[in-house]
Amino acid sequence: MPDEVILDVRDLHKSFGALKASDGISLDLRAGEIHALIGPNGAGKSTLIKQIAGGLKPDRGAVHFMGRDVSALSVAQRAQAGLGRTFQISALAMEYTVMENAVLGAIGQSGRTFGFFRPAMKDRALLDIAGAALERVGLADHASTVTSELSHGQRRQLEVAVALTLAPRAFLMDEPMAGMGAEGSRELTGFLRELKHQAPILLVEHDMDAVFALADRISVLVYGKIIATGSVDEIRSNADVKTAYLGEEDAA
Amino acid sequence: MLPERMINLLILGLLLAVPLVALAMDEPFIITLATKAAVLAVAGVGLNLALGQGGLVSFGHAAYFGVGGYAMGILASHAQSYTPIMEVPFLIEGTKSMLVIWLVAIVASALVALLVGALSLRTSGVYFIMVTLAFGQMLYYFAISWPAYGGEDGLSIYVRNGFPGLNTLDPIQFFGLCFAVLLIVLFVVNLLNKSPFGLALNGAHQNEERARTVGINVYRLRLTAFVISGAITGLAGALFADLNRFVSPTMFSWHTSGEIMVFIILGGVARLCGPVAGAAVYILLEHVLGGLSEYWHIYLGAILLFVVLFAKGGLVGGLSRREVRHAG
Amino acid sequence: MSIILLIEQILNGLQFGVMLFLMAAGLTLIFGVMGLINLAHGSLYMIGAFAAAAGAAATGSFVLGLIAALMAAALFGALIELTVIRRLYARDHLDQVLATFALILIFSEATRWVFGSFPLFLDTPDFLSGTVTLPGGILYSKYRLAIILIGLAVAVGLFLLISKTRVGMRIRAGENDREMIGALGVDISVLYTMVFALGAALAGLSGALVGAIQSVEVGMGEPVLILAFVVIVIGGIGSIKGALAGAILVGLTDTLGRTLLPVLFASFMEPSAATSVGSALASMLIYILMAGVLLFKPTGLFGSA
């Protein structure tokens, strides 16, 4: 079912004092698509992503994932349910090797955090999951490299690999292109285009070229409200979006 | 630069050789010093699981050390006075059996660690340090003001508790027993460090957000580590009480918590045998510097300050080629 | 228990509370501005007490002793900031804890070396000895009342310093954003030394004032330090307001608990058991209070999330 709704965000509200960071946000993510979330700085994108991932409790509203209300679940529980996430600033265990980071993901997914006595790095099942994920993103050759020695682009790849170990049903990606060179961006674009068939991607991205090249749908967030959702062409031609957002970019 | 495994063997070999040489030279006091080092090393290895692997800077591990010590003191004092601990609703007698005492010490200190950890782990960073320190102090004051078991004066046990097949009053036999306990604890902690649990624990130390987003319940993970850590330190407390045949509220004092941390920093944070080396060096300093000056803590303070400011990684870190992350 | 005795205990609780506030305010300020946990704060308290006792003994004047305490604590504070503490700002909390623990060892032993192991005594000055009659005919120690007033005056002074002066503005800037303070054109290292010396002086003042009620001895600082930590956990870190509220709460809870709990238990237990259970529980009361705060507001009453 191509139009199956995987992730459904319903009427989220979140205020910090007088600031309405989320002002009644609703959006959905359907099987097989990349849904890009764009908006000027301070529009509330990060706040929204945190609420979807479970790190921040909304004042009001609900998040449904795979047809189930996950609003009360923690970050860890939502990850267990299959919500894979990558961060704007790489969140990795920097002292661990690339393989150890991937195994960490496999441990979380398998629910084997409380396995006490068998060495993790000799566990076939964990290594297989981790190895396959590294293979997918092209980091298999760097399995024994210490993560802090990876290049910026490789760290982004590892982020995706760790998310892959969760066998996710949806991805939340926060600016995966940030700080990557043109070459890296192009490679990642190709990769994401393929990845979306495995699990749909909610993508926060500043790189407009990448968004227009990748997204099946785009939502525009301004001052905590979604002012438009639609295809690339629809968003490009939307007058509100132009004045509120794209116009500023062109002028700049 | 040596591989860490070799350094570990060297440290343990030295700790074993010293009392054997002392036995040959008929120096029972040195054997007792080595026994003290082995027992304190167990406490340090326990704390290192939480502090080194987990990054949980507990400044209250004296609590578990003291609970273990009083488990021994209470059980043995009832046994030596032939009075039951309680009669209603069911009869509990004291005991002079080390195995039973160890079991009680482990369970009791694990329970206290569960309570303290469940509350303290709601906080993090500098709060966690202050809260664990405060709960340790709470038990210290409780031990002082509770009159039933000696209060401020503590409790003396006249005869060391028994272990099947051993004469525990013979210094070298008691050393052997404590050394064996240390080896078993090191073996278990090494397994834990390499297990999925240990990988997750250290992973959450390096990046908490990452651990959460792969589906790890970080709170439960840390609480489990904290409880195991407390239980090991509690076992050390029971051994320490048996070594001295005496328990007092000093075992609970914040100073004891600080000392256990000092073993770790002297030896090397997050190194398996770091606390062993640290405890041995500490006992050596206490003996050598303490012989030179009544005010040896000034020198200890200066050495500690130097290690923290200029020689992070401690003894094992200085000798080893493998780098590990520093706790924070 | 009579009402008069109860009011007297409440005043004692207040007096204890403002003493804790002087300690906690310095700690929380230093943490808020520099991000440093300083265990040696208790040593500065001890230094203040010893300086006051030695100063008063040498000059025969309590006030000169008090000035000596302030100066000695501020001086030692500035000294350790310049030599040790400033190397720790960029370090993790474990390093800060261990290095300042090392400072405790050094200060305690050095003090024992200089002054010996016997406690010193600091007499209350003549003009503050005896009692004063409060409204309602309650007799209360002049000296303890003076401590309460000094503590409250310091609290007001700190609020004014932080909210109204240029230095206070810099302190607030430092708390919110370490980089911004550089942009203000302030020499950070001078500011840090000043804040640390200020915190040290407050600890020294506290130690000197308490020194006239209790004995002046090595190791007197650490129990107070740990209580000040409890105050900060309850009040919320980095907040002067939280430190004041937490200190008064801890002071009252501890003092009243020690008086009232044994009485309370005596109403349904035999007297000797009531005394021991009551006093054992009273010694744990403030930690139970702290546990309660952790359960419901882990960041403290005035802490931000």
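**Entry 1: the two domains of chain A**

I began with chain A of this predicted model, and found that the C-alpha centres of its domain 1 and domain 2 lie 26 Å apart. The division I worked from gives domain 1 as 1–82 + 168–252 and domain 2 as 91–167. I then looked up where the two domains touch, and recorded 10 residues of domain 1 of chain A in contact with eight residues of domain 2 of chain A. On the domain 1 side of that boundary, the elements giving two or more residues are helix 2 (75–80) and helix 6 (182–195) of chain A. Sorting the residues of this side by class, I noted six nonpolar and four polar, with no charged residue.

**Entry 2: chain A as a whole**

I counted nine helices and 10 strands in chain A. Its radius of gyration is 18 Å, close to the 18 Å that the globule rule gives for 252 residues, so I take chain A to be as compact as a globular protein of that length. Along the principal axes, I found the C-alpha atoms of chain A filling a box of roughly 60 × 40 × 40 Å.

**Entry 3: which chains touch**

Which pair of chains shares the most contacts? I found two pairs of chains in contact, and of these it is chains B and C that share the most. For chain A and chain C I found no contact, their closest C-alpha atoms lying 12 Å apart.

**Entry 4: chain B against chain A**

Here I recorded 22 residues of chain B in contact with 29 residues of chain A. On the chain B side, helix 6 (171–194), helix 7 (196–206), helix 8 (208–213) and helix 9 (218–244) each supply at least two residues, and helix 7 of chain B gives the most, with six. The class count for this side of chain B came to nine nonpolar, eight polar and five charged residues.

**Entry 5: chain C against chain B**

I next found 39 residues of chain C in contact with 38 residues of chain B. The chain C side draws two or more residues from each of helix 4 (93–115), helix 9 (221–235) and helix 11 (271–296) of chain C, and helix 4 of chain C gives the most, with 16 residues. By class, I noted 28 nonpolar, five polar and six charged residues on the side of chain C that touches chain B.

**Entry 6: the largest nonpolar core**

I looked up the largest nonpolar core and found that it has 294 residues, with Ala134(B) and Val230(C) having the most contacts inside it. The largest share of this core, 16 residues, comes from helix 1 (residues 3–34) of chain C. The core also reaches into chain A, where I found at least three residues drawn from each of domain 1 (1–82 + 168–252) and domain 2 (91–167).

Which residues is Ala134(B) in contact with, once its neighbours within four places in sequence are left aside? I listed Ile226(C), Phe229(C), Val230(C), Val233(C), Tyr287(C) and Met290(C).

Technical notes:
Residues are numbered from 1 along each chain as its sequence is written. Chains are lettered from A and ligands numbered from 1 in the order in which they are written. This is a predicted model: local features need pLDDT of at least 70, side-chain atom pairs count only at pLDDT 80 or more; totals for chains, interfaces and linings use all residues. Two residues are in contact if their C-beta atoms, placed from the backbone, lie within 7 Å. Helices (H or I, at least four residues) and strands (E, at least two) are DSSP runs, numbered from the N terminus. Ala, Val, Leu, Ile, Met, Phe, Trp, Tyr, Cys and Pro count as nonpolar, Asp, Glu, Lys and Arg as charged, and the others, Gly among them, as polar. A nonpolar core is a set of buried Ala, Val, Leu, Ile, Met, Phe, Trp, Tyr and Cys residues joined through C-beta atoms within 7 Å. A residue is buried if 20 or more other C-beta atoms lie within 10 Å of its own, exposed if 12 or fewer, and partly exposed in between; C-beta atoms are placed from the backbone. Domain bounds come from an automatic or database domain assignment. The radius of gyration is taken over C-alpha atoms; the globule rule is 2.2 Å times the number of residues to the power 0.38.
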